[in-house]
Amino acid sequence: MSDVDFAPVASAPSDGAGRRTRLRQYQVQLLERMQAARTNSGARVNQLGVLIGAERFLLDLTQAGEIVPIPPVTVVPLTQPWYLGLANIRGNLVGLIDFARFQGGAETVTGPDSRIVTLATHLGFNCGLLVARVYGLRHAGDMEVIGDRLRDTDANEWIPLDLAALVTDARFLHVGF
């Protein structure tokens, strides 16, 4: 044996714990970026880019709330096929919507990148949209306007989605049969 003293080595976090830590750090960074974008009064318009169904959408940051992993969902009987059910998100009961199905498209296939984007509290509607993927912040001011869509420098087309208008849509408000 040698006379060298070894300091105890802290064990590395388990793979699951490491992933949760990285996910939490990512969420904190994204939240900070979203809050900074909300207070930005410059010419650029920052929006959250998401994939819903097969389409790319831009959500106004002032209308979007949290981005969370898909929680357990309680199905509500006698509701529209696009109404996925209810979930508990941070102690709040939130209705979950498959917006692709709401628009008449196919059911959104969930995967490891799928998330729920909740609506901002000031819209007064406890609701979240199922998104297949979150692309992060996009600068709509840098995009080319093509009819009702925007095209970025990579030739991706984006559809602006007005969540405030969505929560006033009569069809959206009637989730039951």
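The structure is a predicted model, in which local features need pLDDT of at least 70 and side-chain atom pairs count only at pLDDT 80 or more, while totals for chains, interfaces and linings use all residues. Residues are numbered from 1 along each chain as its sequence is written, and side-chain values use heavy atoms, with hydrogens and water left out.

**Buried residues in strands**

- Arg115 belongs to strand E6, residues 115-119 (strands are DSSP runs of at least two residues, numbered from the N terminus).
- Although Arg115 is buried (under 20% relative accessible area, with a 1.4 Å probe and protein chains only), Arg115 has no salt bridge (a side-chain nitrogen of Lys or Arg within 4 Å of a carboxyl oxygen of Asp or Glu), and the nearest side chain of opposite charge, Asp113, is 5.6 Å away.
- A polar atom of the Arg115 side chain does, however, lie 3.2 Å from the backbone oxygen of Pro112.
- Ile52, in strand E1 (residues 46-52), counts as buried because its relative accessibility is 2%.

**Positive phi in loops**

- Most residues other than glycine have a negative phi.
- Arg90, in the loop between strand E4 (83-89) and strand E5 (92-97), has a positive phi near 50° and is exposed (over 50%), with a relative accessible area of 54%.
- Ala155, which lies in the loop between strand E10 (149-151) and strand E11 (157-161), has a positive phi of about 70° and is exposed at 53% relative accessible area.

Key:
Helix = DSSP H or I, 4+ residues; strand = E, 2+ residues; numbered from the N terminus. Lys, Arg positive; Asp, Glu negative; His and termini not counted. Polar contact = N/O pair within 3.5 Å; in protein donor to acceptor, adjacent residues only side chain to side chain.
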